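Q: Hi! I'm new to this one, could you walk me through it?
A: Happy to, let's bring it up first.

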Amino acid sequence: MTAFEPGTVPGTAPATVPDHLVNLRDVATAAPGLVPGALLRSDAPRSGDAAPVDVAWPPRTVLDLRDPGESGEPHPLAGTARVVPLPLLDGTAMQGATAPAPVPGLGELYLQMLDGAGAGHLVEAVRLIAVDDAPVLVHCTAGKDRTGVTVALVLALLGVDRAAIVADYERTGPHMSEVLARAAVTANLAVPDAHVLAKLPPELVTAPGWAIETVLDRFDEHGGAEAWFRAHGGSAETLDALRARLVLAG
């Protein structure tokens with residue numbers, strides 16, 4: 001998604017930039033029966049951030065879903081974690097910062113991630129979440145769109161019901177004010193002017209449940225998340241490892 005300068009969206013962005021991750025949570029809080037401390041999701045880390053105290057930290061593996069060049073600094077967790085770039089949008093995230101026309105609606109944007117290179121990156125993200133050193137942190141810029149699609153896939157593969165997946169996605173909504181403030185400094189993107197901003201779909205700066213349901217509907221069209229995953233190169237071994245890591249025994 002594009003970055004916004006604090007104050008450009010009336011009533012949304014605080015005057016100061018928070019010095020901590022504002023959209024961080026343990027994915028285990030999405031539903032009962034999931035293993036805590038194994039998988040985290042967040043907005044983009046920033047140098048100088050205060051260490052969180054309410055989740056397992058620091059991560060051992062970081063999946064950075066941003067496009068190359070989207071960050072304005074070297075990854076701040078590179079010294080303590082293995083950082084793996086997986087650019088889900090393959091350049092689409094850079095669009096819209098200077099012109100409104102190429103920006104798709106949120107559902108369309110999410111479906112773009114389920115095809116081509118994006119689908120391959122999603123399958124690889126699931127594999128790394130299943131087998132790489134934990135805790136694994138998944139993030140993009142806001143922790144909403146690319147992160148939301150990745151986490152929705154993981155939760156669907158684990159058998160979490162639709163309502164819980166949607167509710168977890170929607171939990172980003174109340175944090176969007178602070179997310180936008182941080183995105184303006186963590187993303188190396190041009191800041192859209194008022195004319196461009198006015199033409200952006202409003203759902204780009206909110207977390208409407210219908211958007212992630214677009215992804216879940218696409219999985220259903222393929223016969224479910226597991227069928228989609230296998231059709232795009234995912235293995236049974238990865239699914240077994242994912243469930244062993246993230247689902248509580250018993």
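Predicted model: local features only at pLDDT ≥ 70, side-chain atom pairs only at ≥ 80, totals over all residues.

Q: In what order do the elements run from the N terminus?
A: Starting at the N terminus, the order is β-β-β-β-α-α-β-α-α-α-α-α-α-α.

Q: Let's look at a pair of helices. At what angle do the axes of α3 and α7 cross?
A: They cross at roughly 45°, and the axes come within 10 Å. Helix α3 covers residues 146-157, while helix α7 covers residues 209-221.

Q: Why is α3 called oblique to α7?
A: Because of that crossing angle: roughly 45° makes α3 oblique to α7.

Q: And is the crossing left-handed or right-handed?
A: Helix α3 passes α7 in a right-handed crossing.

Q: Which residues meet there?
A: From α3 you have Gly148, Val149, Ala152, Leu153 and Ala156. Across from these, α7 brings Ile212, Val215 and Phe219.

Q: What classes of residue are in that contact?
A: Seven residues in the contact of α3 with α7 are nonpolar and one is polar, with no charged residues.

Q: Switching topic: what share of the chain counts as buried?
A: Of its 250 residues, 53% count as buried.

Q: Last one: what share of contacts comes from residues 24 or more positions apart?
A: Among contacts in the chain with a separation of 6 or more, such residues account for 78%.

How values were computed: Residues numbered from 1 in each chain as written. Heavy atoms only, no water. Axes fitted to C-alpha atoms, helices over the stretch in contact; angles between N-to-C directions. Helix = DSSP H or I, 4+ residues; strand = E, 2+ residues; numbered from the N terminus. Parallel < 35°, antiparallel > 145°, perpendicular 65-115°, else oblique. Left-handed = near helix turned anticlockwise from the far one by under 90°. Contact = heavy atoms within 4.5 Å. Nonpolar A, V, L, I, M, F, W, Y, C, P; charged D, E, K, R; others polar. Buried < 20%, exposed > 50% of the residue type's maximum accessible area, 1.4 Å probe, protein only.
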